[in-house]
Structure formats: structure tokens, C-alpha cells
Amino acid sequence: MELKSNEEKVTRAVLVSVNTGEYDADSSILELVELAKTAGAETVATVMQNLSRPETATYVGEGKLKEISDFCESQEIDLLIFDCELSPTQIRNIEERTGVRVIDRTMLILDIFAMRAKSKEGKLQVELAQLKYMMPRLTGMGTALSRLGGGIGTRGPGETKLETDRRHIRRRMETLKEQLKNVEHHRTQLRKRRKKDNVITVALVGYTNAGKSTLMNYLTDAGVLAENKLFATLDPTSRALKLPNGVTVMLIDTVGLVRRLPHHLVEAFRSTLEEAAEADIILNVCDVSSEEASLHLKVTRELLESLGCEDTPIIPVLNKCDLVDGDVLIPQVGNGVRISAKKGIGIDELLYAIEDNLPVRVKKVKALLPFDKLGICAEIRENCTLLSEEYVESGLLIEAFVNEEIFRKIREYIVEE
């Protein structure tokens, strides 16, 4: 048991994990520490037990649970957080043995989601995810009540209340799904409008706390919340970004990923992730100072491929390069770009990488626009990059970077490409 220092009076928590060898338990519990911090809890201690499989009744063994109980009593612990998904029976058993409130990893993530969601869509998605999580647990409690009471004598107010809760939750879930359909329809219409208007979208994706929001702020002054906490961004934020070659793209910040995110939580945030799936270019941002940078890049890419992004250009962005000494070898990175969003290192290289992957290539042209076509120059100023302009006897001589749409309009007036 590793004891942490106690500096301020907040919710004092002990984190508990069982290492069965199924996944990297050490990395997972370190992430749980960060999740607890984001939720506002202070991790007083972490407990890990090696077992071939978790105990059915109490998740950890009897001896370890007694050790945890004694520690909680001596250290005035407020909360036990388990790095797994517990059953209602396990939660009840552990709380009875320790006298401390118990939550699991999913409950913690849902709590952070609820705290962080700001938009209508984000709040709807959080509530739906919470109800999906709660529903089978109500059912489990109902079964437990039925068995405990032996059938007769248990079919009174308790079970009636349970059935009422179930019906209420089902109705609320259907209402939420309808409201989300409306929001998703609106989002789909916006995406169609972008496509129609030839708006190029660039999505920022990656593990939570990788620095996506900091990068977004640096590039666009978006004012997105950027702090050293997990799930700082739950709602997609879109801002315009003008590239050095004059092309304007729409930069989209999306919700961060986390290891072992329960499937129904991914489903709840499907429409948010669809922003990435529909993008023209994807920036797969990772924290290069993390020992798991390579894994994070790989898992994110696999998730994107499952969303149908196999043919979309995906640029690995190795953020926080100022925190590592020299070049860190990241296997299978491909066309990765090393940056520090906080210090502005490598940003030009990133912008050039985006330009290289644009679906619409821009052209540098020199053209002589007749006086009756000067309106095209205004379009170039607004949507492209005007390098120079000079009035001559027969019109306006311009040099500019233009997209294909403008190029078609001025093709006949080009004097030099």
C-alpha cells in the first residue's frame, strides 16, 4: 500500500485494483489517480492485489478487504474507488465491511462527464449514459431483494417502487434518445452545409490530457478550457484556422479517449466522435512524454478505423516534445510531427503537414483581372491568400494562392503560374 501526502481537506480516497494480468494494471491505476484528481478527490493510498480472478463477493480477497477497512478507519477515508466495474452486490458487500462509500471506475468517469458537460448535447449524452449504467443495477438489486425475502412478503412497496423506477428510467431514456436524434440531425445538417460550402475540416483526436485543447487555443485563440485534468473537453468546439497557403480549414476539438472506456460510454458519445469520422484530416495528438505514447497512438488509430476513417489522412502529432530529451523513438509513427502546443514549438511544421494532406490543392498564380472582374479579387482576399496586387492600364495584376474554385474563375486571365 503506497501512502500519499495529505495537504488539504478534500474527499479522501483510496484506489483499489486487482491485477489479473488481463491488462496493464499499473498504468490503469495511475490513470485512475488522474481521474480521481479531476473529480476533486485526493488519493491517499493505492492498493493492488494480484489474483487469478477477482473475488465474486468482494472483488478483493477477505484479508485484503480487512486491511483496507482498517486503513480507512485509521486515516478517515471518505471514498473507495475501484479500478473496474463492480456489481451492485459487490458494492453493498464492500460498503458493509468497510463502512466507506464505494464507487467504481465507470461511476467516476460518469461523474466527471456530468461535471464537464456544458452544451445541451453533452448534458443529454451524460444523462443517457448514467441511466444506461443504472438500469441493470436496479435489476440486480431487484433480484437480490427477491431472493433475500424468499418471494412471499417481498412483493410490496419495495418492489413496486423498483418497477416504478425502471419504468421512469425507460421513459426518460426514450425521451433523451429522441432529443439526441434532433441534436444529431442538426449536427448532420451542419456537416452537409460544410461539405456544400467546400469547408475543409480538421479534427483533433487522441487520449485525454494529451494537449488537444491547448493546441486548439494556440492555433485559433478558441478559448477552449485547457487544464491538466482528464476530460477537460466534452463538447466539440469548432474554430476557423487559416493555413500559410491561404486555405481556411475548420478545426474541431473532440472528447478525449481513455483506456478501458466502457463500450456504452463510447456509444453515448458517438455523435461527438462522428465529428472526427467526418473530418477531411485527423490530427492524432499524443503526449510524447508519456511512456504509453506509442500505445495511445495505436489505440486511437484503431478506434478511428472502427469509425470508418481508413481512407482519411491521419497525422500523428507528438505533443509536449519540450518535456523529453532529444528524439524519442515512437514505433510506426509514419508522418509524425513533433510539437509543443504550450511553447509553440513545431507549429509551422504541423501547419505544413496539414497543407500536404489537404483534399483541395491550392495553386500559386499570377493573373491580370479585367476591371469588370475585380469582384473576384475580393473573394481571394476573403477565402485565399493575396500576395500582391497592382493596377495596370488593362486591369488589376495579382499574385495569389488560390483554391480550385477560384482557379476555375480566373483560369483565362492567368499570365503566369
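## Two residues with positive phi

Glu76 is found in the loop between α2 (62–75) and β4 (79–82); helices (H or I, at least four residues) and strands (E, at least two) are DSSP runs, numbered from the N terminus. The phi of Glu76 is near 55 degrees, a positive value in a residue other than glycine. Most residues other than glycine have a negative phi. Glu76 is exposed, with a relative accessible area of 57%; exposed means over 50% relative accessible area, buried under 20%, and partly exposed in between (1.4 Å probe, protein chains only).

Lys320, in the loop between β10 and β11 (337–338), also has a positive phi, near 65 degrees.

## Basis of the model

The model is predicted: local features need pLDDT of at least 70, side-chain atom pairs count only at pLDDT 80 or more, and totals for chains, interfaces and linings use all residues. Residues are numbered from 1 along each chain as its sequence is written, and side-chain values use heavy atoms, with hydrogens and water left out.

## The largest nonpolar core

A nonpolar core is a set of buried Ala, Val, Leu, Ile, Met, Phe, Trp, Tyr and Cys residues joined through side-chain atoms within 4.5 Å. The largest one has 26 residues, and Leu215, Leu283 and Ile354 have the most contacts inside it. At least two residues of this core come from each of β6 (200–206), α7 (212–220), β8 (248–253), β9 (281–287), β10 (314–319) and α11 (347–356). The largest share, five residues, is supplied by α11.

Leaving aside residues up to four places away in sequence, Leu283 touches several others, including Val202, Leu204, Ile315, Val317, Leu350 and Ile354; contact means heavy atoms within 4.5 Å.

Helix α4 (residues 105–116) has 12 residues and should span 16 Å at 1.5 Å a residue, the expected span being 1.5 Å times one less than the number of residues. Its end C-alpha atoms are 17 Å apart, which agrees. Among the buried residues of α4 are Arg105, Leu108, Ile112 and Phe113.

At the start of α4, a side-chain oxygen of Asp104 reaches to within 3.3 Å of the backbone nitrogen of Thr106. Glu31, in helix α1 (residues 25–39), is buried, with a relative accessible area of 9%. The side chains of Glu31 and Arg105 make a polar contact (2.7 Å). A polar contact is a pair of N or O atoms within 3.5 Å; within protein, one must be able to donate a hydrogen and the other to accept it, and residues adjacent in sequence count only if both atoms are side-chain atoms.
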